[in-house]
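Please read it beside the sequence and the model.

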Amino acid sequence: MLGLALLAACQPAPRGAPVTAAASPTAATPAATADRDIPACAASDSAMEGWNERAPPRRIFGNTWYVGTCGLTALLVTSDAGHVLIDGATAPAGPLIEANIRALGFDPRDVKYLLNSHEHYDHAAGLAYLQGATGAPLLARAPAVATLHTGISDRSDPQQLEFKEGFPAVPVVQTIDDGDTVRVGPLALTAHATPGHTAGGTSWTWRSCEGTRCLDMAYTDSVSALSDRQYRYSEHPAMVAAFRRGLDTIAALPCDIHLTPHPLASDLFARLQGTPGKPLVDAGACRRYAQSGRANLEKRLSDETSGLKP
Ligand SMILES: [Zn+2]
């Protein structure tokens with residue numbers, strides 16, 4: 001598969017066509033036990049902490065597993081026909097994510113596709129390593145492909161000047177479109193264009209089941225309107241319009257279990273621990289997340305008008 005994928009690097013997939021991986025007879029059998037030697041993440045109120053600290057891998061629900069770090073999410077969605085890995089966190093986190101996949105009893109070589117939330121180093125810099133560990137192509141929407149393939153962003157990134165050092169280039173990146181469904185055996189993960197934090201921002205939805213109980217999983221991309229010292233959202237009306245459309249998309253997603261690239265943004269660990277008032281299953285979570293994103297965007301635009309922001 002890797003040979004074919006190499007040939008297809010940076011070539012667009014047929015528009016609107018489902019992306020499908022061949023079933024692998026060597027797919028791992030799921031294991032329910034995680035590595036007990038990994039300490040739990042320290043409680044933190046800062047989304048900037050724990051990025052390179054290995055978190056204990058754990059089941060979120062059904063065949064959806066947390067394999068990321070204490071500060072950055074990576075998700076493994078598994079099946080007997082192969083798996084999908086979403087996000088690679090930082091470069092130092094790549095091997096930690098691989099170790100977490102193995103600790104759960106899965107074989108990284110059974111990962112058939114890599115997916116990404118957005119093309120910033122804290123969610124994409126580990127993907128080059130993970131592509132080596134899995135042999136899986138990375139699928140991304142067109143505005144993110146060049147950045148992921150080169151490790152260098154362009155002026156479409158509101159934070160470009162802050163990330164000039166770039167990140168490890170991902171050799172094999174294939175293009176998918178808004179609404180495409182990535183399929184591996186019984187798995188079906190759908191891409192939703194939710195740009196704004198970056199041009200290529202993408203949210204993902206799929207269903208996971210435990211017995212007869214099936215829930216809608218929603219991995220919504222970051223919705224913060226951050227920028228470097230030069231970028232003005234108000235000078236990019238198409239970006240702002242797409243940002244607003246993406247927020248409308250997020251608000252309407254099927255969303256029983258809400259997940260985010262920074263686990264703290266959806267209080268994931270507190271919810272997994274059963275903290276009172278923080279339910280894991282909450283069908284209104286995506287709508288509230290979109291509302292807060294919209295408020296953040298409107299404040300950003302107003303701050304630009306009043307000169308508080310670039
Ligand atoms: Zn970002």
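The points below are grouped by topic, after a note on the model.

This is a predicted model, in which local features need pLDDT of at least 70, side-chain atom pairs count only at pLDDT 80 or more, and totals for chains, interfaces and linings use all residues. Residues are numbered from 1 along each chain as its sequence is written. Helices (H or I, at least four residues) and strands (E, at least two) are DSSP runs, numbered from the N terminus.

**Helix α5 and its cover**

- Helix α5 spans residues 142–150, and its buried residues are P143, A144, V145, T147 and L148.
- A residue is buried if 20 or more other C-beta atoms lie within 10 Å of its own, exposed if 12 or fewer, and partly exposed in between, with C-beta atoms placed from the backbone.
- The cover over these buried residues includes α3 (121–124), β7 (138–141) and β8 (173–176).
- After α5 comes G151, which has a positive phi near 80°.

**Strands β7 and β8**

- β7 is covered on both faces, with L138 and A140 buried on one side and L139 and R141 buried on the other.
- β7 pairs with β8 in the parallel sense over four bridges; two strands pair if DSSP finds at least two bridges between them.
- Opposite A140 stands T175 of β8.

**Helices α2 and α4**

- The axes of α2 (residues 93–103) and α4 (residues 127–134) come within 8 Å and cross at roughly 40°; axes are lines fitted to C-alpha atoms, for helices over the stretch in contact, and angles run from 0 to 180 degrees between N-to-C directions.
- The two helices, α2 and α4, are therefore oblique to each other; angles under 35 degrees count as roughly parallel, over 145 as roughly antiparallel, 65 to 115 as roughly perpendicular and the rest as oblique.
- The crossing of α2 and α4 is right-handed, meaning that the near helix is turned clockwise from the far one by less than a right angle, with anticlockwise counting as left-handed.
- G94, P95, I97 and E98 of α2 make the contact with Y129, L130 and A133 of α4; contact requires C-beta atoms, placed from the backbone, within 7 Å.
- The residues of this contact are five nonpolar, one polar and one charged; Ala, Val, Leu, Ile, Met, Phe, Trp, Tyr, Cys and Pro count as nonpolar, Asp, Glu, Lys and Arg as charged, and the others, Gly among them, as polar.

**Helices α6 and α8**

- The axes of α6 (residues 237–251) and α8 (residues 285–305) come within 7 Å and cross at roughly 160°.
- α6 is therefore roughly antiparallel to α8, and their crossing is left-handed.

Definitions and conventions: Two residues are in contact if their C-beta atoms, placed from the backbone, lie within 7 Å.
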